[in-house]
Amino acid sequence: MRLVDLAASDTHDLRRRVLRVGTVTTSVVFDGDDTAVHLGLFDDGLVAVSSWFERRHPDRPALTGFQLRGMAVEPERAGSGLGSRLLAGGVERMAALGAELVWARARDTALTFYTSRGFEVFGEGYVDLSTGLPHHDVIRLL
């Protein structure tokens, strides 16, 4: 298993198959994809992807931050630890780039995943307009 840098386009297929099933939009191209850090895990092919955007959290603007978006794991490999490996690798990379915090707009169904890995749920819940699904922000100070 190896963590590698990807082009934004390398993330699109997995983003589409995992994150855009039954959602309001089918778009997998994110604003800022051209400057984000895209990471992938390879194990007999690409099995997980994440994208990291240099963005301060709106409620913590004094801290250098990176927003995690588009994290997806091959459906048949869900629950196998790939998401944890990818998240840990991404957090480590963002810390090396000077991040003081990392954050995401997490689906409510993923909150336990994030909180069990050092993130805190932050603020009120909301329905994300692109997915139509309930979300909360999650933040991890580094």
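The model is predicted: local features need pLDDT of at least 70, side-chain atom pairs count only at pLDDT 80 or more, and totals for chains, interfaces and linings use all residues. Residues are numbered from 1 along each chain as its sequence is written, and side-chain values use heavy atoms, with hydrogens and water left out.

Start with the whole chain. The protein chain has three helices and seven strands. Both are DSSP runs, numbered from the N terminus: helices are H or I of at least four residues, strands E of at least two. Along the sequence the order is β-α-β-β-β-α-β-α-β-β. The radius of gyration of the protein chain is 14 Å, close to the 14 Å that the globule rule gives for 142 residues, so the chain is as compact as a globular protein of that length. That radius is taken over C-alpha atoms, and the rule is 2.2 Å times the number of residues to the power 0.38. Along the principal axes, the C-alpha atoms fill a box of roughly 40 × 35 × 30 Å.

Of the 142 residues, 44% count as buried. Buried means under 20% relative accessible area, exposed over 50%, and partly exposed in between, with a 1.4 Å probe and protein chains only. A contact means heavy atoms within 4.5 Å. Among contacts between residues at least 6 apart in sequence, 64% join residues at least 24 apart.

Now look at strand 3, residues 46–54. Seven of its nine residues are buried, so strand 3 is largely enclosed by the rest of the structure. Strand 3 has pairing partners. Two strands pair if DSSP finds at least two bridges between them. Strand 2, residues 37–42, pairs with strand 3 in the antiparallel sense over six bridges. Here Gly40 stands opposite Val49. Glu54 has Phe66 of strand 4 as its bridge partner.

Finally, turn to strand 6, residues 120–127. Is this strand well covered or hardly covered? Strand 6 is hardly covered: the count of buried residues among its eight is zero. Five bridges join strand 6 to the antiparallel strand 7, residues 134–141. Phe122 is partnered by Asp137 in strand 7. Their hairpin has six residues between the strands, and Gly132 takes a positive phi near 75°.
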